[in-house]
Amino acid sequence: MEKHKIKKIAAVCVCLCVAVVAVIIAADLVSSAREYQGSTTLMNTVVSFNIGGKDAKNVGTAVTSRIGKLENASLSRYSAASAVSRVNANAGTFCEADSLVVSLAGRCAELSEKSEGAFSPLLGGVSDLWGFGTQNASIPDNEDLSIALTAAKDGTIETNSNSVKIPNGTLLDFGAVGKGVACDEARKVLEESDVERAVISVGGSVLLYGEGQSFSVGVRNPLGSSNDCIGTLNLSETCVSTSGSYERNFTQDGKTYHHILDPKTGYPVENNLLSVTVVSDDGFLSDALSTACFVLGYEKSVGLLESYGAKALFVFKDKNIRITKGLSENFELSDDSFTILNGDI
Ligand code: AMP
Ligand code: MG
C-alpha cells in the first residue's frame, strides 16, 4: 500500500494497543505536522503518546521527561536516588521526601484505612519475595513470607509536612498507583501547552485529555491476547486504569500466581474476578482503586468507589460483567461471549 494511503487510514482511526487496554481516538485528527505518536519504555512498562495540536512533538518529549523524572527522583524502588528508596532505606524513622511522595504516602494510607487493609502499599517486601516480573519468580518460603507480611500488617505509614515514616521490616511500594500518578503528571505538562487533545497510556493507566473531545477506550479481554477487547468505554476527558490477574504472573506446578496480593495471606488474591477497570478524573485514584477493588471484590468495592466519586467495570471469571452506576451507558459490549449482568446498581 502506498505511504500516503497508510497515513490517511491512520488519520481516520488510530489504535493504540497497550499492555492492558487499547485506545481508539474517535475524534477527527489534524494534519500530521501537529500530530505526535510514539512510544517508549518508562516505569517498567510501555508508555504510548498520541498528541494533537501545536508543538505536539515537543510536548511529547516534555511528557516523557516528566514521567522519567517522576520515576527516577520520586517513585522507583530500583533507583537508589529516589525518595521512595530513601524512605525504604530508613524504615523506622522519618525520612525527608519530595512533596509529591509525602502527599501520595498520605493518600495511600487513607485508602488503606478506607479499604480495611485490602489496599496495602507496604507490601514491597512481600512482592519482592514472589519476584513477579523477574527471572526468579517463585512461591516464597513460608517463614520469609510470614515475617514480611506481619511487619506490613502491623504497621502504618506516617507522614508530616516533609517526611514519611514506614514501619521497620516493610518496603513502601507505589506499584499500584505509579502509572496513574504518571497520568496526572502528564496532564500538568499538557495543561501548560497548547495541545488540543492527547491520549497518554502508561501500562494499564490511560489519560484522556482535551476539553470537548470524545474518546473510546477498549477494555481488554482478560482471557485473550493484549489486542483483544471485550468492548469499549466511550468517554470524555478523564483517566482509566485496569488491574488484572493476567498482567504479571508465573506458573509453578500447574498453578498460576499473579501480582495482586491479598494482604491477609501474602498470596495472590483468589476471587471470582479477572479484571477491574476504574474511571476517575484523578489518575492516582483510578489506579489505586483498580488495585483496591480487585482485592476487595465487587460487593465491597461499590461503596468505596462511590465514596471517591469513581466508577468501575468488573470482569468475572464466569465471563459476566458488572458495571457501577452511571457507567453502563458509556460501555458498548463487542464480544457476545461475555454478559452484562446488572446494568446499573
Ligand atoms: P496494579 O497493576 O495497578 O493493580 O498494581 C499492582 C501492583 O501493586 C503490584 O505489582 C504490586 O507492586 C502492588 N500491589 C500488589 N498487591 C497490592 C495490594 N494489595 N495493595 C497495594 N499494592 C499492591
Ligand atoms: Mg493500580
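## Surface, a buried helix and the ligand site

In this predicted model, the accessible surface of the protein comes to about 15,300 Å², and carbon and sulfur atoms account for 47% of that area. Of the 345 residues, 53% count as buried, and the protein holds 9 helices and 19 strands. Where contacts link residues at least 6 apart in sequence, 60% of them join residues at least 24 apart.

Helix α8, which covers residues 283–296, has 14 residues and reaches 20 Å from its first C-alpha to its last, close to the 20 Å expected at 1.5 Å a residue. Because 14 of the 14 residues of α8 are buried, this helix is largely enclosed by the rest of the structure. At the start of α8, a side-chain oxygen of D282 comes to within 3.0 Å of the backbone nitrogen of F284, while the helix is followed by G297, a residue whose phi is positive, near 85°.

There are 17 residues around ligand 1, and those that come nearest are S120, D173, S243, L261 and T291.

| Residue | Part of the residue | Atom of ligand 1 | Distance |
|---|---|---|---|
| S120 | backbone N or O | nitrogen | 2.8 Å |
| A176 | polar backbone atom | oxygen | 3.3 Å |
| T291 | side-chain N or O | oxygen | 2.7 Å |

Taken alone, ligand 1 exposes 510 Å², of which the protein buries 91%.

How values were computed
Residues are numbered from 1 along each chain as its sequence is written. Chains are lettered from A and ligands numbered from 1 in the order in which they are written. This is a predicted model: local features need pLDDT of at least 70, side-chain atom pairs count only at pLDDT 80 or more; totals for chains, interfaces and linings use all residues. Side-chain values use heavy atoms; hydrogens and water are left out. Helices (H or I, at least four residues) and strands (E, at least two) are DSSP runs, numbered from the N terminus. Buried means under 20% relative accessible area, exposed over 50%, partly exposed in between (1.4 Å probe, protein chains only). Contact means heavy atoms within 4.5 Å. Accessible areas come from the Shrake-Rupley method with a 1.4 Å probe; for residues, only the protein chains shown count as cover. The expected span of a helix is 1.5 Å times one less than its number of residues. A polar contact is a pair of N or O atoms within 3.5 Å; within protein, one must be able to donate a hydrogen and the other to accept it, and residues adjacent in sequence count only if both atoms are side-chain atoms. A residue is near a molecule or strand if one of its heavy atoms lies within 4 Å of it.
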